[in-house]
Amino acid sequence: MASSLLQPSSSSSSSSSSSSASLFTGTSRTPTLRTLGFVDYSRTRFLAPNCVKCDMGEPSVNGKPIIPVLNEQTLPKFMESARNEKIVNRNGNRLKLFSGTANPALSQEIARYMGLELGKISIKRFADGEIYVQLQESVRGCNVYLIQPTCPPANENLMELKIMIDACRRASAKNITAVIPYFGYARADRKTQGRESIAAKLVANLITKAGADRVLACDLHSGQSMGYFDIPVDHVHCQPVILDYLASKTISSNDLVVVSPDVGGVARARAFAKKLSDAPLAIVDKRRHGHNVAEVMNLIGDVKGKVAVMVDDMIDTAGTIAKGAALLHEEGAREVYACCTHAVFSPPAIERLSGGLFQEVIITNTIPVAEKNYFPQLTILTVANLLGETIWRIHDDSSISSIFQ
């Protein structure tokens, strides 16, 4: 039987060779459509009740009727409108974006970059705190992307994500991708003492069992968290967004030094320094006496008279990065910048960050920041274009790692 298929344009794969800077220009993409020609019908004709009769004539050769060969150039009129409507519907329904309540502003920006509308979904809270989710449009046979960071309140947002996944699964979605800009519980990735849980693995199991087919996450606290999932995980680094912003500032490369606020972040800081004109590296050595409590011990490296750029994956209470900044000033740093992807900003983070230790605090919008937590040194960069481009490449089966090359 004749059919039409949607296939992504080959131009999407060729775009993977472009630089990462091109991702942040605000341009949008739209999928292109290619139809395959119709093949010959069987020579046997059937007449069914209530059928639509073709208005094409039926000339004959040697007494045998000629059955036209149908392709995209020669379609009979009675099929043309129905076929075009079917193509439009498939094109509009094949990829669906839905947003949870954790970060609707980021979801809207992602949809705008992709040239799509967010799907209609109803999310409510009952009087006893239970969560109700209903999809208000069909997702049958669609590739669905659910955008929901598990930021504070982490348990509420995590449960909401799982119920959204379950709703899509029961609505016969073809593929379900959980887009998690901030993955909560990522710091509980190993046992540091006896009788501790590994909550990161537990959360990964919960998301998988709920019915997710793939996870898209930004700057996981540690790389091994990808191995906790039994489904594919696409790990996106937000460094290009911050690097583009720093490149726009008038700072001499000879004056820069990249600082890791702890030993565990050395690999992250080294990769950042390599892309920032191969800047030198310094390390703050600390010892933690308890959760969310840090004590700075000493500094490894030279920062005297330089502009120090501290790089971390997240800022929670800002204890680590604030004490590190104080040490950098004591060691003679001229200016201190703080860069991180996830701004958790648990109290008293705002007081510590706005106390004058930092020239600028550069974060991304993977977690929404309330307006009451704004302060003069704060700069918020969007990762919507990066995530939108990544979603397109997943949908088109194109390379994602080429974005960061």
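Student: In which sense do strand β6 (residues 143-147) and strand β7 (residues 175-180) pair?
Tutor: This is a predicted model, with local features needing pLDDT of at least 70, side-chain atom pairs pLDDT 80 or more, and totals using all residues. Residues count from 1 along each chain, and side-chain values use heavy atoms, without hydrogens or water. β6 and β7 (DSSP E runs of at least two residues; pairing takes at least two bridges) share five bridges, and the sense is parallel.

Student: Which residue of β7 is the bridge partner of N143?
Tutor: N143 falls within β6, residues 143-147. Its bridge partner in β7 is N175.

Student: Which strands stand at the edges of the open sheet, and why is one side of each left without a neighbour?
Tutor: The five strands run in the order β3-β6-β7-β8-β9, with parallel pairing.

Student: At about what angle does helix α10 run to β8?
Tutor: Helix α10 (residues 384-395) lies across β3, β6, β7, β8 (214-218) and β9. Between C-alpha-fitted axes, on a 0 to 180 degree scale of N-to-C directions, its angle to β8 is about 155°.

Student: Which residues of α4 are buried?
Tutor: Buried means under 20% relative accessible area with a 1.4 Å probe. What covers these residues, with heavy atoms within 4.5 Å, includes β3, β4, β5, β6, β7 and α5. The buried residues are N157, L158, E160, L161, K162, M164, I165, A167 and C168.

Technical notes:
Helices (H or I, at least four residues) and strands (E, at least two) are DSSP runs, numbered from the N terminus. Buried means under 20% relative accessible area, exposed over 50%, partly exposed in between (1.4 Å probe, protein chains only).
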